[in-house]
Amino acid sequence: GLSQPESGSVHLETVNLAGKTGSLGELSLQRDANKTDLFVAELPPSLLVNDSFTVLVRGVDSGGQKVERAAPQVATVMRSLLELSRDTPVFPGKLVSIAWKLVNPGSFKQYGLKASSIPQLPVNISRSRLHLRLNQTATGQITLRVPSAAAPGSVISVTLQASSLHPAGDPTFAHIHLLVMPRPPVHSLSLPFCNASWVEGSCSPSQLQCHTHHWTVTLRIWDKAGVRSVQEEGGVVVSHQADGLAESVTYTSDCCLQEATLVVTNQLGEKYRCQVEAPPEVPRKVMTTLPIFPSKGAVPAAIATWWQVVVAFSITCLTL
């Protein structure tokens, strides 16, 4: 709000912090590396002992005149930073998982965590006791099951409380509101959910020099909810892309691993497995053909031999 067309731009220089007992110091402003319209300042560690402060920004306009702007609200230093997040919808009768993150910007602390919900539901938390050093971060999950009778459009509020047990301090709270969505319509999907559209390479039963041989399979996955991610079970994430009404996934491995399980997660958070196997090595066959001589007066016919090898590829899908 400091830039005015008639007066030109404003160059921000410093920010002054004022507490109940007076000035808490002047800090230099630095432009954020990722956002050109965002300025940041590092708060001094001594500020952690103060309950609240006000912010006064100082700068110079294009005419060289000093400019000051005070924030309309009082700021408070947080002893801890607590966040809750969820990126998939919530449905009646389904299990809900909420990610939490706790950051300790100060000295060593021992925390106690407690989760609750409105309406009151059984809530589980992955960790209830934490020890965090300076600038250390901890993450975990909160899980609860939405009642089957929950009406679409209703809201479930989840609260996470992080209390500083040692040294003793005021608790920090984080809230998240979950909107219950209508149950998705049931579609009759014929198995498998995924099948191979292209295969290359083959593997022999022998493991000798298995690192030098590779096999590749391209899968097409049909899921009306849409595919969010594909990951090798216990391994890396596999990229996927739209292929008409389906999603296309290409998986490659050496012959030391001749089968794999891909875990597919759709946009509703539902997971299922697609198992893939390397094509077996097909032994070569030698066939001798006798030359065909055209009869007298007949037009010579072009003779060609064409082979087509069909490799059976097994794909099954198992619901988690």
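Student: Why is Cys256 called partly exposed?

Tutor: Good place to start! In this predicted model, Cys256 has a relative accessible area of 27%. Buried means under 20% and exposed means over 50%, so Cys256 falls in between and counts as partly exposed.

Student: How many disulfides does a search of the whole structure find?

Tutor: The search finds three. Counting the bonded cysteines along the chain, their pattern is 1-6, 2-4, 3-5.

Student: What makes Cys203 and Cys255 a disulfide?

Tutor: Their sulfur atoms are 2.0 Å apart, and the limit is within 2.5 Å, so the pair passes. The link of Cys203 and Cys255 has -80 degrees about the S-S bond and is left-handed.

Student: Are Cys203 and Cys255 buried or exposed?

Tutor: Cys203 has a relative accessible area of 3%, and Cys255 has 4%. Both values are under 20%, so Cys203 is buried and Cys255 is buried.

Student: Why is the disulfide of Cys194 and Cys274 called left-handed?

Tutor: The torsion about its S-S bond is about -125 degrees, so the disulfide is left-handed. It links distant parts of the chain, with Cys194 in strand β16 (residues 194–200) and Cys274 in strand β23 (residues 271–277), 80 residues apart. The sulfur atoms of Cys194 and Cys274 are 2.1 Å apart, and both cysteines are buried.

Student: How do you know that β22 and β23 pair?

Tutor: Count the bridges: seven join β22 to β23, and the two strands run antiparallel. Pairing needs at least two bridges, so β22 and β23 pair. One facing couple is Thr261, which stands opposite Gln275 in β23. The two strands form a hairpin with four residues between them, and Gly269 in the turn has a positive phi of about 85 degrees.

Student: Which strand pairs with β22 over five bridges?

Tutor: That is strand β18 (residues 227–232), in the antiparallel sense. Here Glu232 has Leu262 in β22 as its bridge partner. As for cover, seven of the eight residues of β22 are buried.

Student: What makes β8 and β11 edge strands?

Tutor: Four strands form an open antiparallel sheet in the order β8-β9-β13-β11. β8 (81–85) and β11 (124–125) each pair on one side only, and they are the edge strands. Between β11 and β13 (residues 136–145) there are two bridges, and pairing needs at least two, so β11 and β13 pair. There, the bridge partner of Ile125 is Ile142 in β13.

Note on methods:
Residues are numbered from 1 along each chain as its sequence is written. This is a predicted model: local features need pLDDT of at least 70, side-chain atom pairs count only at pLDDT 80 or more; totals for chains, interfaces and linings use all residues. Side-chain values use heavy atoms; hydrogens and water are left out. Buried means under 20% relative accessible area, exposed over 50%, partly exposed in between (1.4 Å probe, protein chains only).
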